[in-house]
Amino acid sequence: MKITHLKQLLAATGFIFAAGLVQTPALAQQKNDPKFNKMIQESFRADGIAGLDRIDQDATQKFCSDPQFSNSKQGQAMREKIQKINMDSIKQPSDGKYIGDWKNGERVAQSGRGATWTDTADTPIGGGCYNCHQIDSKEISYGNIGPSLTGYGKVRGYSKEVVTYTWNRINNSKAYNACSNMPRFAHFKLLNEQQMQDVMALLLDPESPVNK
Amino acid sequence: MQRKLTLGLATGLVAALLTMTSSVSAQKSATDDIAKYREMIADGNPSELYEAAGEELWKKPAGPKNATLEQCNLGLGPGVVKGAAAQLPRYFKDTNKVQDLESRLMTCMQVLQGRDPQEMIDAPFQKGPKKDMEAIVAYVVTLSKGDKIKVSTAHPKEKEMYDLGKRAFFFQGGPMDFSCASCHAENGKRIRLQDLPNITEQKGAALGWGYWPAYRVSSGQFWTMQQRLNDCFRQQRFPFPIYSSDVTIALSMYMAKTANGGTVETPGLKR
Amino acid sequence: MADPMRVRAAENGGTVDVKILMKHDMESGQRKDAAGKTIPAWFISTINVKANGKDVFNGQFGPAVSKDPFLNFKYKGAKGDKIVVTWNDSKGDKRTDEATAS
Amino acid sequence: MNQQRRSVLKYSAVFGLMASAGLISIAQAQEWNKAAFEGKGIDDVFKIMGASSPEKSSAVTLNAPDIAENGAVVPVGIITSLKAEQMAILVEKNPSALAAQFFIPAGTDAFVTTRIKMGQTSNVYGLVKADGKWLMTVKEVKVTLGGCGG
């Protein structure tokens with residue numbers, strides 16, 4: 001009984017989907033536009049540490065610059081491919097340690113500085129976590145582009161799965177969601193291993209105010 | 001025993017719910033308080049200081065030709081300043097280009113006063129010739145305050161600029177993978193406590209485009225739209241957008257056209 | 001030379017509401033330049049407001065007053081009052097501007 | 001150090017005398033109160049101003065936001081029903097507590113609004129001198145980090 005029901009449902013969904021396909025022609029990644037490329041090439045200049053290589057897009061950036069396609073059914077296969085490329089780039093901590101010092105982690109989470117043309121190569125780069133996430137509930141100035149992380153460990157537990165997932169997500173969020181708004185902190189060396197371990201502690205040390 | 005446990009659980013749940021609502025209401029009151037703060041500083045916008053200086057510069061002979069800018073054509077005819085900023089960017093036949101306010105003012109300075117636009121392009125913000133530009137912009141945009149944003153894409157070059165701008169809005173790059181859309185393509189989003197207008201919709205675009213140029217409290221400076229866009233790209237960790245380059249004009253065209261029908265509230269007063 | 005102020009004075013029911021915007025960096029003495037050197041304090045220290053030649057307000061600022069200072073006060077007066085605002089800063093620079101109560 | 005402190009005390013004592021004798025002059029209002037503006041802690045500044053331990057008064061209202069979006073510009077106003085001769089704004093956690101001092105001649109309302117800088121979340125004091133006596137009110141203003149820079 002239940003199974004037939006499900007089958008019917010699936011059939012119906014399939015029908016709707018097929019109908020949708022008929023109406024809208026298959027989407028493809030937007031065409032290479034020489035005029036647009038020329039505009040981008042001619043509109044910027046290198047300044048300090050912000051070189052022109054920063055507008056040479058990698059596959060992930062190119063894909064995600066076309067949200068109509070990247071969010072579509074037709075983009076599904078490419079989405080998975082992008083996620084795999086990013087997943088494969090993640091390295092687990094060299095010393096096997098996942099949890100650092102939450103106090104340092106809070107500092108990394110607070111700072112949104114670094115990596116701009118007004119910074120130097122020595123400017124420590126912040127994680128900018130509070131820009132988008134609620135973390136320690138005592139900080140009232142937090143953004144909401146990303147989900148709240150208050151009570152992160154308390155809610156999810158401190159299992160190996162949670163720890164590894166969190167590590168991966170901080171390293172390269174695009175491994176799970178091809179066009180996540182979150183920067184790939186390890187991929188572009190925005191945060192070093194120690195800083196990521198410290199941010200991990202902020203989220204997953206039972207002593208961190210996040211879990212109090 | 002069993003009952004106690006359930007009760008305990010229930011209390012725990014209620015407590016958890018209470019904590020949740022209290023933190024949500026704390027946030028709501030924080031944003032309300034920010035709104036109150038903004039209201040308190042709204043009276044006495046230091047942009048007025050720049051506007052006064054700009055009016056003087058507009059009427060003062062300058063440059064190799066020792067001429068004023070009073071005959072500058074901002075799109076509504078030579079010398080018409082009132083309402084002109086509300087209809088920019090637009091296509092100009094004499095330059096065969098779509099121009100925003102600042103690139104158009106550079107044309108006027110070149111044609112009428114004989115000034116070299118490259119000097120303006122190369123100058124850092126808030127210094128030298130840019131300082132003059134900023135004051136003049138403050139003067140010009142004040143004369144469109146209260147007007148409706150009315151930007152046309154009827155000319156093919158305007159339409160082309162709009163399309164390029166729309167694409168640029170979603171163009172990701174830099175070590176943080178950011179595009180304008182990373183922060184400005186959804187409703188109800190904030191960075192820290194600052195609301196982020198959704199510029200892909202009319203309402204949000206009007207909130208963004210309609211309030212810049214503005215006096216920026218955090219830097220104590222009057223910022224033109226070019227400087228605002230420049231700082232967006234800086235925060236996006238992009239390379240430096242060249243002053244009045246096509247990408248800046250294209251993005252302005254996209255924002256302004258999307259904002260059509262909204263009200264010009266410039267000069268604004270921003271964080 | 002110092003930039004002009006914006007002085008607005010509006011009379012309502014025998015009270016003149018005076019709003020003044022001054023153009024000044026109000027350097028706090030706490031900031032550092034790009035080379036890491038402290039930028040010395042430089043700020044408006046005193047401000048005097050006269051209406052028809054008589055003192056209606058005196059203020060003293062420290063470096064903690066915001067850049068491009070704003071000041072609002074009210075005095076008993078009338079339309080047409082001639083208001084003269086003068087500030088002096090910590091480097092001895094000064095500026096005087098006038099307005100008429102409307 | 002000691003010498004300086006003593007001369008500061010002497011200085012304010014003289015002003016105290018002048019004030020009690022009704023000799024507050026335009027000269028005082030127009031001479032920048034260096035000692036007070038350079039005083040560090042809030043209690044030091046109270047002393048220098050001749051206001052040691054000012055009493056809290058419900059007649060003094062401090063108009064300031066609960067949260068400032070930016071510490072560079074915090075609007076602060078003082079208003080009182082008392083016949084104020086002087087007013088002052090102090091920020092407990094600023095490097096120098098005294099932000100501004102105002103002299104209110106007869107015929108001017110006991111009302112002033114300005115904007116101040118705050119380095120961090122702090123108590124802000126509104127002081128009013130009426131009938132030769134300093135009174136105060138206090139309010140905490142939270143300074144938040146804003147924007148992408150954090």
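**View 1. Chain C of the predicted model has 0 helices and 7 strands.** Helices (H or I, at least four residues) and strands (E, at least two) are DSSP runs, numbered from the N terminus. The elements of chain C, read from the N terminus on, are β-β-β-β-β-β-β. Along the principal axes, the C-alpha atoms of chain C fill a box of roughly 55 × 20 × 20 Å. Of the 102 residues in chain C, 45% are buried; a residue is buried if 20 or more other C-beta atoms lie within 10 Å of its own, exposed if 12 or fewer, and partly exposed in between, with C-beta atoms placed from the backbone. Among the contacts in chain C with a separation of 6 or more, 55% come from residues 24 or more positions apart; two residues are in contact if their C-beta atoms, placed from the backbone, lie within 7 Å.

This is a predicted model, in which local features need pLDDT of at least 70, side-chain atom pairs count only at pLDDT 80 or more, and totals for chains, interfaces and linings use all residues. Residues are numbered from 1 along each chain as its sequence is written, while chains are lettered from A and ligands numbered from 1 in the order in which they are written.

**View 2. Chain A meets chain B through 41 residues of chain A and 35 residues of chain B.** On the side of chain A that touches chain B, at least two residues each come from α2 (34–43), β1 (44–45), α3 (59–64) and α7 (129–132). The most are given by α2(A), with 6 residues. The residues of this side of chain A divide into 20 nonpolar, 14 polar and 7 charged; Ala, Val, Leu, Ile, Met, Phe, Trp, Tyr, Cys and Pro count as nonpolar, Asp, Glu, Lys and Arg as charged, and the others, Gly among them, as polar. Strand β1(A) runs antiparallel to β7 (residues 240–241) of chain B and is joined to it by 2 bridges; strands pair if DSSP finds at least two bridges between them. Phe44(A) has Pro241(B) as its bridge partner in β7(B).

**View 3. Helix α2(A) has buried residues Met39(A), Ile40(A) and Ser43(A).** These buried residues line one face of the helix, because they fall within an arc of 95° seen down the axis of α2(A); the arc is that of the directions from the helix axis to the C-beta atoms. They pack against β1 of chain A together with α6 (156–169), β7 and α10 (246–259) of chain B. Exposed residues Pro34(A), Asn37(A), Lys38(A), Gln41(A) and Glu42(A) sit on the face turned away from the buried side of α2(A).

**View 4. Helices α6 (residues 102–110) and α10 (residues 193–204) of chain A cross at roughly 105°, with axes that come within 7 Å.** Axes are lines fitted to C-alpha atoms, for helices over the stretch in contact, and angles run from 0 to 180 degrees between N-to-C directions.

**View 5. An open sheet of 3 strands in chain B has the order β6-β5-β8 and mixed pairing.** The edge strands, β6 (221–223) and β8 (268–270) of chain B, each pair on one side only. Strand β5 (residues 214–216) of chain B pairs with β8(B) in the parallel sense over 3 bridges. Tyr215(B) has Leu269(B) as its bridge partner in β8(B).
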